[in-house]
Amino acid sequence: MRVLIIGSGGREHALSWKVARSGKAEKIYCAPGNGGTAQEGENIPLKDSDVAGLVSFAKGNVIDFVIPGPELPLTLGVVDAMTQAGIRCFGPSQWCAQLEGSKAFAKDIMQKAGVPTAACGVFTELEAAKSFVEEKGAPIVIKADGLAAGKGVVVAQTKEEALEALDQIMGGVFGAAGSRVVIEEFLVGEEVSLLAFCDGKTALPLPSAQDHKAVFDGDTGPNTGGMGAYSPAPIVPDAELEKMADIAIRPILAEMARQGHPFTGILYAGLMMTKDGPKVLEYNVRFGDPECEPLLMRLESDLLEIMDACIDVRLDEVKLSIRPESALGVVIAAEGYPGSYPKGMEIKGIDAVDALPDTKVFQAGTKREGSRTLSSGGRVLCVTALGKGLAEAQKRAYEAVAKIDMEKSQHRSDIGAKGLRRL
């Protein structure tokens with residue numbers, strides 16, 4: 001089987017690493033890929049937004065199977081385009097991808113499906129949005145409606161902060177993504193990620209995971225694409241997975257199918273565990289990054305077989321095999337991220353970490369230059385380890401982080417701490 005993976009992050013390195021271990025892939029391409037994916041296959045200089053170029057490449061290179069990693073190509077309709085070209089592609093249609101591409105669309109689907117979520121208002125006019133904030137007060141949550149690389153959400157503690165966020169978002173800081181905003185009630189609780197394989201009818205949940213969005217320890221500082229993750233999250237043990245899927249995943253599948261658009265792919269619910277029970281913050285329509293890295297470290301089943309079953313609507317025949325260990329990943333980022341940051345720093349120690357048992361460095365913002373690996377992005381690496389429990393996975397991951405040598409880097413030192421407090 002010839003496989004094309006779309007994207008360039010740590011998630012795409014994890015996907016290519018997992019597919020390479022399937023034994024079914026004779027050739028793996030990654031577009032555009034990074035320094036890590038280059039070790040698993042061949043990088044192709046095509047942007048993840050170039051749907052026409054990706055389809056042309058897939059046809060010209062007799063690609064059998066396509067796996068889009070990020071949200072952008074999904075919202076641009078890459079699955080529809082590949083399917084039309086007769087190429088199997090794992091993920092939701094462009095219509096279904098609106099679940100992530102538009103927070104207002106997702107809210108409408110949630111309400112019709114009866115999924116518990118925060119009360120909200122949707123606005124396209126700045127003054128009307130500001131009046132809503134004045135009326136509701138703070139704390140309050142301001143969200144850009146469209147895609148903003150995980151950075152379009154502001155949890156405003158004061159009215160002034162909320163009004164400033166509206167000025168920025170609707171003033172164009174995220175471009176067209178901020179032309180419409182969703183303003184939500186502030187939910188108190190702990191966040192957890194629930195991901196499930198879906199074939200339009202059946203949902204097969206993966207173990208829970210917990211991401212760490214804020215850039216600094218103690219969940220302080222601005223939001224990022226994610227500074228680390230672990231699985232399972234003690235707040236949602238394995239015994240609760242089916243119940244959570246019944247609340248947050250299966251009603252969405254039923255509603256999408258009712259509207260004539262069955263959802264195939266990964267459906268990812270961001271849950272807030274409140275005193276009134278779980279409530280959905282938002283949906284993603286692909287693997288999270290960095291949740292993907294620890295989840296795929298734990299997945300023993302053949303990834304391509306599961307994805308095939310999703311496309312063929314026979315997921316009810318599949319049973320996931322998951323390693324019993326915990327997995328924890330720590331993101332090493334460039335100093336200054338998520339703001340401006342330097343590039344081109346040499347990274348040493350990756351091979352030493354990869355040589356350790358049950359430990360893997362998933363590369364994100366990296367590129368190969370001769371025999372050297374250099375940084376090329378904000379989030380550079382996700383150093384991931386398995387352990388008999390969360391404490392051991394954390395210990396092993398941070399021991400591995402200590403072996404990585406990169407100037408002008410930063411990482412959080414408390415990934416997993418929230419989970420350990422629950423044990």
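Visitor: In what order do the four strands of the open sheet stand, and is their pairing parallel or antiparallel?

Guide: This is a predicted model, in which local features need pLDDT of at least 70 and side-chain atom pairs count only at pLDDT 80 or more, while totals for chains, interfaces and linings use all residues. Residues are numbered from 1 along each chain as its sequence is written, and side-chain values use heavy atoms, without hydrogens and water. Strands (E, at least two residues) and helices (H or I, at least four) are DSSP runs numbered from the N terminus, and two strands pair if DSSP finds at least two bridges between them. Here the order is E11-E10-E16-E17, with antiparallel pairing. Strand E11 (203-205) and strand E17 (277-284) each have a single partner strand, so one side of each lacks a neighbour in the sheet.

Visitor: Over how many bridges do E16 and E17 pair?

Guide: Strand E16 (residues 264-274) pairs with E17 over seven bridges in the antiparallel sense, and tyrosine 268 has asparagine 284 of E17 as its bridge partner.

Visitor: Which strands does helix H11 touch?

Guide: Contact means heavy atoms within 4.5 Å, and angles, from 0 to 180 degrees, are taken between N-to-C directions of axes fitted to C-alpha atoms, for helices over the stretch in contact. Helix H11 (residues 250-258) packs on the sheet and touches strand E10 (190-199), E11, E16 and E17, its direction making about 155 degrees with that of E11. Helix H13 (residues 303-311) also packs on the sheet, touching E10 and E16, at about 70 degrees to the direction of E10.
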